[in-house]
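Hi everyone, thanks for coming.

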Amino acid sequence: MRVRYITRLSRLAGLSEDERRRLEPVTERYAFRMNSYYESLIDWDDPDDPLRRLVVPDASELRPWGQLDASHEARYTPVRGCQHKYRDTALLLVNEVCGAYCRYCFRKRLFMNDNDDAALDTRAGVAYIRAHPEVTNVLITGGDPLMLSTRRLTLLVEELATLPHVRIIRIGTKMTAFNPHRVRDDPDLLALPARVRAHGAQLYLMNHFDHPNELTDVAKETLGLLQRAGAQTVNQCPLVRGVNDDPAALTRLFRELSYIGCPQYYLFQGRPTAGNAPFELPIVAGYAIFDEATRPLSGLAKRARFAMSHHTGKIEILSVDSRFIYMKYHRAHRVRDIGQPLIARRDEEARWLDELELVAGPPAAAAAAKGFTPRSDWMPAPTWDGLKPSDPVCS
Ligand code: SF4
């Protein structure tokens, strides 16, 4: 099937003239792109259609808020286009374009003219990975790697697969949601998992479905083809106001993904990225949605973790009670922080770790949190049921 790209609001038949005029200034700052397949999934009579909200600009994106590189990715970039934050995992940012643009994207800086964080030429990145035998996982991302030609992607994937220490190659993509035909109709792409396996490695497709309306018959068929071709398929997405902040929709998404062998892996708290103010939710509200959404699910369907991809590490939000927010470092840049608990005072407004008042947690997190000066390597826990102030909760 031929899918047409749409890069101007004037080509979107579903928008009124007045909406176009109002939204044009947003697209001058933050790029707009979608395609005819995704356009066909939207109910244009419904101004609150979740997929419409995902791709159509919002006037309040221009509200000053957040940073372009909210996760400080530049800090973890040893060579252009290659990030190395966690010991065993490296990222290659291989392009600056996607099948459409999510309005809430945390890497929207890549789509701006003066940005060179991604590298089409991956030689320096691959050389870095070759020289770092501790890297067992490589995530190919961008932009969307499936916007590359299959020939180019195959060359890169095979080169990585021949490195003896690289055991898992992940492709981070929203193409199975934005344009599944790109995968379904490409036998060479579907041959890639077997080529990786021939080198003793595994290929994971890290899909990005945000809402059950994206799980169309063709999307599900495509995931089935990938699985039969030998790829592992999982899903991750952020929690986005107006897109998937409805617990019933998230329940349907997680449940359906478990039925088709593509389980949810992370649900991310939105990063404080410039332009993303209209899509953000407070941590407390986000946790309540996640908790309600996962309660009715089977164990297999609720394996997802609700996490903040903070610049110090991936912080899982475990629970919220009337006084505190309980978290844990699921992944951390500093190895000694992995598994460390963090406790913050409940704050109905806070949307990111940096806005919380931490009462316990490792110093890296404490340094980032509001109004908190780390005094030593651990802080005493507050008093709450079952734990005395003298019990160390982190060290
Ligand atoms: S697919 Fe990913 S990288 Fe591309 S716009 Fe969406 S969130 Fe950003």
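I'll go through the core, the ligand surroundings, some strands and then one lysine. Keep in mind that this is a predicted model.

Okay, the core. The largest nonpolar core has 91 residues, and the ones touching the most other members are Val 55, Val 138, Leu 160, Ile 169 and Leu 358. Helix H5, residues 150-161, gives the most to this core, with five residues. Let's pick out Val 138: leaving aside neighbours within four places in sequence, its contacts are Ala 90, Leu 92, Ile 129, Leu 160, Val 166 and Ile 169.

Now, which residues are around the ligand? We've got Cys 98, Cys 102 and Cys 105, along with Tyr 101, Arg 107, Gly 143, Asp 144, Lys 174 and His 208. Sorted by class, that shell is four nonpolar, three charged and two polar residues.

On to the strands. S12 (324-332) pairs with S13 (341-345) in the antiparallel sense, over five bridges; Met 327, for instance, has Leu 342 in S13 as its bridge partner. S13 is also joined to S14 (358-360) by two bridges, again antiparallel, and there Ile 343 stands opposite Ala 360.

Last stop, Lys 302, in the loop between helix H12 (283-294) and strand S10 (305-310). Why does Lys 302 count as partly exposed? Because it has 19 other C-beta atoms within 10 Å, and buried would take 20 or more. Beyond its neighbours within four places in sequence, Lys 302 contacts Phe 254, Thr 294 and Leu 297. And its C-alpha is 9.1 Å from that of Thr 251, 51 residues apart along the chain.

Methods: Residues numbered from 1 in each chain as written. Predicted model: local features only at pLDDT ≥ 70, side-chain atom pairs only at ≥ 80, totals over all residues. Helix = DSSP H or I, 4+ residues; strand = E, 2+ residues; numbered from the N terminus. Buried ≥ 20, exposed ≤ 12 C-beta atoms within 10 Å, placed from the backbone. Contact = placed C-beta atoms within 7 Å. Core = buried A, V, L, I, M, F, W, Y, C linked by C-beta atoms within 7 Å. Near = placed C-beta within 6 Å. Nonpolar A, V, L, I, M, F, W, Y, C, P; charged D, E, K, R; others polar. Pairing = 2+ DSSP bridges.
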